[in-house]
Amino acid sequence: HFDSVLRLCAALHRADVPRAVSARDHALDAWQWVLRLDPWASFEVQVAALFHDVERLVAEPDPRRPSLVPEETECHPSQKGSARIAERALGALSLGRASIARIAALVCMPARRRDDAERALLSDADALSFFSLNSAGYADCLGPARTRTKIRSTLAELGPARRPLLARMKLRRDVRAMVVEELSRLVVSSRATPA
């Protein structure tokens with residue numbers, strides 16, 4: 001089934017559209033991060049990694065405009081769109097209703113949810129993919145202030161146990177400086193918060 005999913009995912013990403021190529025690269029990178037973090041990850045979480053941002057292929061929002069729905073409180077509209085697209089696309093394969101429903105649920109769950117181990121894994125993989133693959137381009141496109149905000153929110157989505165992986169990751173110098181600064185702020189704020 002996974003080969004069929006990979007072919008389906010590739011068919012959704014047009015090779016002649018730069019944003020689609022970038023989205024495909026991120027989807028594949030997030031999937032690879034899932035496997036690096038958990039080589040025994042379920043089929044459903046692997047497929048969810050491939051489809052978690054697929055809505056961007058249909059309606060890429062303006063990245064300079066912040067979202068109106070905070071992801072930590074409810075399913076973000078782009079997550080709902082990605083879940084619907086995944087359900088429709090995967091329905092053409094013989095995966096089974098329960099499997100497709102679980103994939104859609106993983107895609108639609110708020111990124112900061114840590115009570116579902118598979119959603120936490122997907123969030124960590126997505127965050128690590130941003131740092132390893134997209135952070136330099138994000139900085140070039142949107143500038144340091146927006147990049148710092150994105151780094152702050154992405155670090156909040158990355159589980160504390162995974163944050164040490166950033167020290168071993170090759171990051172561009174300006175991005176690394178922002179990551180170090182934001183990690184320091186996290187440490188200071190966690191010490192200041194009473195238990």
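Reader: Leaving aside its neighbours within four places in sequence, which residues is Ala-86 in contact with?

Author: In this predicted model, and once the neighbours within four places in sequence are set aside, Ala-86 is in contact with Phe-51 and Gly-91.

Reader: And where does Ala-86 lie, and is it buried or exposed?

Author: Ala-86 lies in helix 4, which covers residues 77–91. Its relative accessibility is 1%, and because buried means under 20%, Ala-86 counts as buried.

Reader: How far apart are Ala-86 and Val-47, in sequence and in space?

Author: Ala-86 and Val-47 are 39 residues apart in sequence, while their C-alpha atoms are 9.1 Å apart in space.

Reader: OK, so how many residues of helix 3 are buried?

Author: Eight of the nine residues of helix 3 are buried, so this helix is largely enclosed by the rest of the structure.

Reader: Let me step back a bit. How many helices and strands does the protein have?

Author: The protein has eight helices and zero strands, so from the N terminus on its elements run α-α-α-α-α-α-α-α, counting as helices the DSSP runs of at least four residues.

Reader: What share of the residues is buried, and what share of the contacts links residues 24 or more positions apart?

Author: Of the 195 residues in the protein, 42% are buried. Among contacts with a separation of 6 or more, 70% are between residues 24 or more positions apart.

Reader: Which residues of helix 2 are buried, and what covers them?

Author: The buried residues of helix 2 are Ala-20, Ala-23, His-26, Ala-27, Asp-29, Ala-30, Trp-31, Trp-33, Val-34 and Leu-37. Their cover includes helix 1 (2–12), helix 3 (43–51), helix 6 (117–157) and helix 7 (165–168).

Reader: Which aromatic cluster does Trp-31 belong to?

Author: Trp-31 forms one aromatic cluster together with Phe-2 and Phe-43.

Reader: Changing topic: how many cavities of 30 Å³ or more does the structure hold, and what lines the largest?

Author: The structure holds one cavity of 30 Å³ or more, and about 40 Å³ of space lies in the largest cavity. The lining of the largest cavity consists of His-13, Ala-23, His-26, Ala-27, Leu-50, His-52, Asp-53 and Val-54.

Reader: Which element gives the largest share of that lining, and how does the lining divide by class?

Author: Helix 2 (residues 18–37) gives the largest share, with three residues. By class, the lining has four nonpolar, three polar and one charged residues.

Reader: How many aromatic pairs are there in the structure?

Author: There are four aromatic pairs in the structure. In the pair of Phe-130 and Phe-131, the ring centres are 5.3 Å apart and the planes stand at 65 degrees, so the pair is edge-to-face. Phe-130 counts as buried at 6% relative accessibility, and Phe-131 is buried too, with a relative accessible area of 1%.

Reader: Which residues is Thr-154 in contact with, leaving aside its neighbours within four places in sequence?

Author: With those neighbours left aside, Thr-154 is in contact with Ala-127, Phe-130 and Phe-131. Thr-154 has its place in helix 6 and is buried, with a relative accessible area of 3%.

Reader: And Leu-166, where is it found, and what is it in contact with beyond its neighbours within four places in sequence?

Author: Leu-166 is found in helix 7 and, at 2% relative accessibility, counts as buried. Beyond those neighbours, Leu-166 is in contact with Leu-128, Phe-131, Leu-155, Leu-158, Leu-171, Arg-176, Val-179 and Leu-183. For Arg-176, which is 10 residues from Leu-166 along the chain, the C-alpha atoms are separated by 8.8 Å.

Reader: Last one: is Ala-136 buried or partly exposed?

Author: Ala-136, whose place is in helix 6, counts as partly exposed at 24% relative accessibility. Leaving aside its neighbours within four places in sequence, Ala-136 is in contact with Arg-172 and Val-175.

Note on methods. Residues numbered from 1 in each chain as written. Predicted model: local features only at pLDDT ≥ 70, side-chain atom pairs only at ≥ 80, totals over all residues. Heavy atoms only, no water. 1 Å grid on protein atoms, 1.4 Å probe; cavity = no way out; pocket = protein on both sides within 12 Å on 5 of 7 lines; lining within 4 Å. Points joined across faces, edges and corners; volume = space filled by probe spheres on them. Helix = DSSP H or I, 4+ residues; strand = E, 2+ residues; numbered from the N terminus. Nonpolar A, V, L, I, M, F, W, Y, C, P; charged D, E, K, R; others polar. Buried < 20%, exposed > 50% of the residue type's maximum accessible area, 1.4 Å probe, protein only. Contact = heavy atoms within 4.5 Å. Phe/Tyr/Trp six-rings, centres within 6.5 Å; stacked < 30°, edge-to-face > 60°.
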